[in-house]
Amino acid sequence: MGSLQLKSVRKSFGPVDVLKGIDLDVKDGEFVIFVGPSGCGKSTLLRIIAGLEDATSGNILIDGGEVSAVPPAKRGIAMVFQSYALYPHLSVKDNMGLGLKQAGAPKAQIEERTKKASSMLSLEKYLERRPAELSGGQRQRVAIGRAIVREPKLFLFDEPLSNLDAALRVNTRLEIARLHRELKATMIYVTHDQVEAMTLADKIVVLDGGVIQQVGSPMELYNRPANLFVAGFIGSPAMNFIEAARLGRSDATTIGIRPEHMTLSRESGEWKGRIVHVEHLGADTIVYLDSEKAGLLTARLFGEHHYEPDEIVHATPNASQLHRFGVDGNVIQ
Ligand SMILES: Nc1ncnc2c1ncn2[C@@H]1O[C@H](COP(=O)(O)OP(=O)(O)OP(=O)(O)O)[C@@H](O)[C@H]1O
Ligand SMILES: [Mg+2]
């Protein structure tokens with residue numbers, strides 16, 4: 001079991017209110033991802049859940065029981081940090097087993113769990129090595145292994161892959177997805193990487209300004225963002241925002257359209273503009289254009305397209321993919 005409930009969790013550092021009342025339900029076995037701009041309080045919230053930091057007020061319940069007074073080691077939580085924090089003088093095996101050893105677990109149990117975790121993470125060959133003799137990706141796997149051997153109810157990951165290069169990130173991401181399936185454990189994971197968030201999460205929590213802006217599945221956030229912040233934060237390149245009045249519309253204050261939901265044509269279309277820049281990504285072509293009616297726009301076209309700066313083109317939004325936002329920034333359904 002590993003459900004988590006946060007009720008009106010607040011945190012202030014002196015006069016600064018970092019978390020302004022967080023309410024969240026995480027079901028047993030769920031994979032929940034926290035995203036939000038730097039400094040919005042993601043790590044602080046993880047540390048409060050782990051017990052490494054006290055909330056200023058509010059309740060934290062694990063499996064229905066209040067844990068605010070329970071010390072970190074007794075919460076059944078394992079946290080994996082961005083800096084792997086391995087002991088340099090200990091072997092991989094001893095690094096992985098240390099938590100259990102300190103908790104007084106029998107030797108045979110430590111052996112068995114270390115063996116199981118190392119096989120899940122393909123670390124069997126490295127058990128006798130020291131961290132200095134490993135690659136960054138292998139070290140990160142050891143840090144994850146150290147969490148697994150403790151068989152926690154709840155895993156907390158704070159940007160665990162951000163030190164890895166692009167290829168390793170993809171591999172480790174797939175491993176984490178597989179681990180989640182195998183362990184069926186509850187996981188809460190902080191990342192700045194959109195692809196990680198979209199591909200790993202059952203549920204994404206978008207934080208900004210000390211409050212939760214929206215909670216939903218990746219596709220809910222992509223298809224039905226609740227407000228301008230979420231609309232602009234989820235999706236890359238970001239959604240285009242156009243002042244509704246410029247388009248002669250009175251049914252909204254801002255109109256949003258994602259770059260991938262526009263087509264371009266040299267002949268005709270809704271918004272005529274001049275191309276300012278083109279990015280050829282191979283699989284996609286990103287075209288930036290300055291249009292008279294809608295202002296600066298980004299269009300994302302599938303495949304290779306031979307547009308050039310200064311060319312005149314016409315952008316046409318897919319009408320069924322327009323988002324409308326009111327003066328308060330909230331979506332108009
Ligand atoms: N011990 C502390 N004392 C005072 N302020 C703190 C302390 N720890 C964090 N803060 C502040 O709280 C805010 C939230 O910090 P936090 O580390 O939770 O952000 P974050 O969302 O994890 O950011 P990042 O994405 O950059 O890791 C920041 O403005 C930070 O400066
Ligand atoms: Mg952080």
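Modeller: I start with the ligand site, then move on to the strands, the helices and a few single residues.

This is a predicted model: local features need pLDDT of at least 70, side-chain atom pairs count only at pLDDT 80 or more, totals for chains, interfaces and linings use all residues, and side-chain values use heavy atoms, with hydrogens and water left out. Residues are numbered from 1 along each chain as its sequence is written, while chains are lettered from A and ligands numbered from 1 in the order in which they are written.

Ligand 1 comes first. Phe13, Val18, Ser38, Gly39, Cys40, Gly41, Lys42, Ser43, Thr44, Glu159 and His192 surround ligand 1 (a heavy atom within 4 Å counts as near). By class, that shell holds 3 nonpolar, 6 polar and 2 charged residues (Ala, Val, Leu, Ile, Met, Phe, Trp, Tyr, Cys and Pro are nonpolar, Asp, Glu, Lys and Arg charged, the others, Gly among them, polar). Helix 1 (residues 42-50) supplies the largest share of the shell, with 3 residues (helices are DSSP runs of H or I with at least four residues, strands are E runs with at least two, and both are numbered from the N terminus).

Now the polar contacts (N or O pairs within 3.5 Å; within protein, one atom must be able to donate a hydrogen and the other to accept it, and residues adjacent in sequence count only if both atoms are side-chain atoms). Lys42 puts a polar side-chain atom 2.7 Å from an oxygen atom of ligand 1. Gly39 uses a polar backbone atom, 2.8 Å from an oxygen atom of the ligand. His192 has a polar side-chain atom 3.1 Å from an oxygen atom of ligand 1. Taken alone, ligand 1 exposes 640 Å², and the protein buries 56% of that (Shrake-Rupley, 1.4 Å probe; for residues, only the protein chains shown count as cover).

Next, Lys20. This residue is in strand 2 (residues 16-26). Lys20 is partly exposed because its relative accessibility is 38% (buried is under 20%, exposed over 50%, partly exposed in between, with a 1.4 Å probe and protein chains only). Beyond its neighbours within four places in sequence, Lys20 is in contact with Val9, Arg10, Gly209, Gly210 and Val211 (contact is heavy atoms within 4.5 Å). With Gly209 there is a polar pair: a polar side-chain atom of Lys20 and the backbone oxygen of Gly209 are 3.2 Å apart. Glu311 is 291 residues along the chain from Lys20, and their C-alpha atoms are separated by 48 Å.

On to the strands. Strand 12 (residues 254-257) is covered on both faces, with Thr254 and Gly256 buried on one side and Ile255 and Ile257 buried on the other. In a regular strand, side chains alternate between the two faces of the sheet. Strand 12 pairs antiparallel with strand 11 (residues 240-243) over 4 bridges (pairing takes at least two DSSP bridges). Here Phe241 faces Gly256. Strand 18 (residues 323-325) also runs antiparallel to strand 12, joined by 3 bridges. Gly256 stands opposite His323 there.

Strand 17 (residues 312-317) holds Pro317. Strand 13 (residues 262-265) runs antiparallel to strand 17, with 4 bridges. Met262 is opposite Pro317. Strand 14 (residues 271-280) is likewise antiparallel to strand 17, again over 4 bridges. Lys272 has His314 as its bridge partner. Pro317 counts as buried because its relative accessible area is 8%. Leaving out neighbours within four places in sequence, Pro317 is in contact with Ile257, His261, Met262, Glu270, Trp271 and Leu322. Trp271 is 46 residues away in sequence, yet 8.7 Å away from C-alpha to C-alpha.

Then the helices. Helix 2 (residues 92-102) has Val92, Asn95, Met96, Gly97, Leu98 and Leu100 buried. Those buried residues pack against helix 3 (107-120) and helix 4 (136-149). Gln138 lies in helix 4. Gln138 is buried, because its relative accessible area is 14%.

Last, Asn227. It sits in the loop between helix 7 (218-223) and helix 8 (228-233). Asn227 is buried, with a relative accessible area of 8%. A polar side-chain atom of Asn227 is 3.1 Å from the backbone nitrogen of Phe229. Beyond four places in sequence, Asn227 is in contact with Gln213, Phe325, Gly329, Asn330 and Val331.
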